[in-house]
Amino acid sequence: MVTPSTPRLVVAAPSSGSGKTTVATGLMAAFAARGLAVSPHKVGPDYIDPGYHALATGRTGRNLDAYLCGPELVAPLFLHGARGCDIAVVEGVMGLYDGAAGEGELASTAQVAKLLGAPVVLVVDASAQSRSVAALVHGFVSWDPQVRVGGVILNKVGSARHEELLREALESVGVPVLGALRRARPVETPSRHLGLVPVAERRALAVSAVSEMAELVSRGCDLPALEALARTAGAVPGGAAPWTPDLSPTHDDPSASAEGPRPRIAVAGGPAFTFSYAEHTELLTAAGAEVVTFDPLRDEELPEGTAGLVIGGGFPEVYAAELSANEPLRKAVAELALSGAPVAAECAGLLYLCRELDGSPMCGVLDATARMAQRLTLGYRDAVAVGDSVLAAAGARMRGHEFHRTVVEPGAGAAPAWGIRGRERRVEGFVQRGVHASYLHTHWASEPGVARRFVERCRTS
């Protein structure tokens, strides 16, 4: 059961690199070790941190993104994820007040904290300061009076004397210090070109890393005080009700229905395709589909009876040789696409459908090549469907997010998937037969008709 007053905390920081992920993940695991059912959440579009959150809590890590889904869905999605939980921990993104570029507070941790009515715990990297920490914290506390900073956790504290100086300085700010983590060997969480290495690629080591985070937080933080702070959160503002996939309206395709035969939809998983939002599978299932996961690194066939295919994001560039070596599956994917069956491919899925990736043969569904690049492409996008596809009707608007260090040439087919609006006006992606392939990551909870439309096309193709 979920109530609008589920105890909750938002873990934020003045900037990226302050230790949010370590503290948030460690706090989730520490609360879970105390016997609490913990609901894990992440602000923003990040796919990787929620994997570590899931390890820490035993529950699905979920995202809260006010840009992709709209501010009005933040509280309902939170309450949906928090069903049956005793406490919720929300890890922020970037600095507390950083959000979508040029959009004010939109998609910032501060905005999400206000939408949830949740107290904020500020994680401060104190490694190169002492008394100045008071000025820093005072600025973050006073910047927006609607954001309630309920406590500070000091990270990378050098010594007992250093901690004493920091605590003395913060007495004048009136914000309690709820933890002090000593400077030590970093917890082993390796990164590469798009952030942390996902849990699916290093599960045993990731379990060990989460255990270390829990020990670090348990040793250095006042867990009873943090739990008490979480319990000061009142009802979620606005009287929001939990989001429910089977009651979602069909915005872009009112004719779509959950009635009829249950088409089998194969969803790519495994180490090469780890980027997905849990709500997508929930929406597909609610729309009447049978969802089956397969691993393109290991499975040589698509699941029997596959009527549609969803290939999300991930790291195919890391596994290009292995994906290429699985020639039977590549041929099966190409044959399915050629048959006209619905195929939705996002980012990594787009690369997998190309002729080749960094010289390694891929599925050859698209007349395009993909390669690694030096430049990181990153940011929110406002998109419009250029034409009809298995995901959207022409003219439908969606908000999305790009996050890749690869290039596909050409960047768009004869029938592009999306037109990107705003300062960077362009078209991108491919629509051909039943295929919709694009770099754009989208969150289908914002437009549930996308899932219903896809399922209906699987049912009738």
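Me: Is Glu 279 buried or exposed?

Reply: This is a predicted model, in which local features need pLDDT of at least 70 and side-chain atom pairs count only at pLDDT 80 or more, while totals for chains, interfaces and linings use all residues. Residues are numbered from 1 along each chain as its sequence is written, and side-chain values use heavy atoms, with hydrogens and water left out. Buried means under 20% relative accessible area, exposed over 50%, and partly exposed in between (1.4 Å probe, protein chains only). Since the relative accessible area of Glu 279 is 1%, this residue is buried.

Me: With which side chain does Glu 279 meet in a salt bridge?

Reply: A salt bridge is a side-chain nitrogen of Lys or Arg within 4 Å of a carboxyl oxygen of Asp or Glu. For Glu 279, the N to O distance in the pair is 3.1 Å, and the partner is Arg 62.

Me: How many residues apart in sequence are the parts that Arg 62 and Glu 279 tie together?

Reply: Helices (H or I, at least four residues) and strands (E, at least two) are DSSP runs, numbered from the N terminus. Arg 62 is itself buried, at a relative accessible area of 10%. Because Arg 62 lies in strand E3 (residues 62-64) and Glu 279 in helix H9 (residues 278-286), the parts tied together are apart in sequence by 217 residues.

Me: Which residue forms a salt bridge with Arg 182?

Reply: Arg 182 is partly exposed, with 39% relative accessibility. The closest N and O atoms of the pair are 3.3 Å apart, and the partner is Glu 163.

Me: By about how much of a helix are Glu 327 and Lys 331 separated?

Reply: The side chains of Glu 327 and Lys 331 form a salt bridge at 3.4 Å, N to O. Both residues belong to helix H11 (residues 327-338) and are four residues apart, so the separation is about one helical turn.

Me: Which residues touch the most other members of the largest nonpolar core?

Reply: A nonpolar core is a set of buried Ala, Val, Leu, Ile, Met, Phe, Trp, Tyr and Cys residues joined through side-chain atoms within 4.5 Å. In the largest one, which has 115 residues, the members touching the most others are Phe 31, Leu 154 and Leu 226.

Me: Which helix gives the most to this core?

Reply: In soluble globular proteins, nonpolar side chains tend to be buried together. Here the greatest contribution to the core is seven residues, given by helix H1 (residues 20-33).
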